[in-house]
Amino acid sequence: MEPSEDDVRLLAALQKIAIAPGHMPGVIRNLVALGEQASLLFDPALDVLIEPSPVFRP
Amino acid sequence: MAERQHTPTSAAEIADRVRRGSLSARFIIEDALARIESLNPKLNCYTEIMAQRARREADSVDAKIAAGIDPGPLAGVPFGVKDNYDVAQRVTTAGSIVNRRRPPAADDAVLIARLTRAGAVLTGTHNMDEYAYGFTTENAHYGSTHNPHDLDRSAGGSSGGSAAAVAAGLCSFALGTDTNGSIRVPSSFCGIFGLKPTFGRLPRTGTFPFVHDLDHLGHFACSSKDLATVYDAVQGFNPGDRACAERPRSLVGARLADPPEGEAVILDGWFDELADAQGRDAVTLVGDALGAQGRLTLPGAKRARAAAFVLTCAAAGNLHIEALRSHACEFDPATRDRMLAGTLVPAIFVLQAQRERESFRNEIAAAFSRHSLLIAPATPCSATLLGQATIRVAGADLPARANLGLLTQPLSFVGLPIVTVPVRNGAMPIGVQLIAPPWREDLALRAAACLERAGIVGACGTMSC
């Protein structure tokens, strides 16, 4: 699902970023691409025991 | 461009002749500078030519020779660096104009200092995608770098200026960086050798970061021997890089002629399906020559690539958030929009991507318990046209700039050492990745040397620009 310009403005405000109107289409296009890639990470779910803890190893 | 008849460009041959006194370093450097002045306007691979420094360093090498002092294993060898390496008293642009606000570097990057001590001579800095975020070296501020084999085509990226300079014989080797494929993609497009060592092997001290936990330093050369000689000269721990491993140097040059060891295997699945016919043919040639037995599928490769994609975008947004808040308009538009999106990535995406990396590391460890070398194409196709918006991959049209690293990203994501070797089996060259277990760069370099001796791979020397 494509985020709306309002969605993007809200998220950007949390980061104290004001996205210029001319930049908005490119940002939305990239968010869509990120969402598509991220969706691959959730299906199927990883084993719950897989986690990236920074353990000291010999 | 006529093939060079008199002056060697091989690092090994130059160093040998300079150390023996049959050629002066100054002669070599004057020849290189003349070639740069002549061809750089067509290629746009140098962002700054450092003639004065190069002459001074060449004279220093010659003075050592005259005094009976060995100037080092790279005596008089001209090299260049990607524009994200610090050069003393110069602002490190990283391909951006945003960085103009930064102060000049106080010192050379650690790798440049080590190479200078080994007698190599810095000739200048090379063009790149802005902040290393791209695979084509089409830079809104500094222009596009042209492929020496076909000036209408991309040299690859993000270290495209460095690869083009080496392929055109403007310098004997060049330092680049590889976060998601930025050494391997340009190596493939320009038909030269490239080495991306294990994550943590080479200290990044004095380089401008992109993604801290994915950034690797490495280099380009026209032969496996030159690749190994430079690799031996730049190894060693440095505390300035928190991710640099405290490991002993692992010198390869003297062992390059040793035969490959263990069992090689061709990667199937993701790496086969997303390659074109030329890439698959190149892999078969290399696999046959190395006696590869069967094929291996890494089921997690697709997810690993997705995770690398997400982490890279989020990390780049995080690194540049202050500049994105205050002067986003100064960024290259292609970089800016990706980085702005990166600042907005949900945390759950990033956390899942980090878990995915752990999962893929386990998968890779299992693969290397059975095999010593994995073989895969470096790029989904040979060099694309400059300005080409999409590439055809497995029947789909995908944006070129974001997807030329489809076959490199999963592998750098887990930090493996990889040598890219050039195969000339089409109108343009294409690269094949030789992927070794962690800390075993020697296995990939020895395999590359074996392939070179057999005539299966080799840098393409004569350019037509």
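**Exercise 1.** Find how many residue pairs are in polar contact between chain B and chain A, with both at pLDDT 80 or more.

*Solution.* Start with the rule: a polar contact is a pair of N or O atoms within 3.5 Å; within protein, one must be able to donate a hydrogen and the other to accept it, and residues adjacent in sequence count only if both atoms are side-chain atoms. Run through the pairs and you get 9.

A word on the model: it's predicted, local features need pLDDT of at least 70, side-chain atom pairs count only at pLDDT 80 or more, and totals for chains, interfaces and linings use all residues. Residues are numbered from 1 along each chain as its sequence is written, chains are lettered from A in the order in which they are written, and side-chain values use heavy atoms, with hydrogens and water left out.

**Exercise 2.** Work out which helix of chain B gives the largest share of the side that touches chain A.

*Solution.* First, list the elements of chain B that each supply at least two residues: α10 (301–319), α11 (321–327), α12 (333–343) and α13 (347–368). (Helices are DSSP runs of H or I, at least four residues; strands are runs of E, at least two.) Next, pick the top one: α13(B), with 9 residues.

**Exercise 3.** Say which strands sit at the edges of the open sheet in chain B.

*Solution.* Write down the order of its 11 strands: β1-β3-β2-β8-β10-β9-β16-β17-β13-β11-β12, with mixed pairing. Strands pair if DSSP finds at least two bridges between them. Now look for strands that pair on one side only: β1 (46–49) and β12 (295–296) of chain B.
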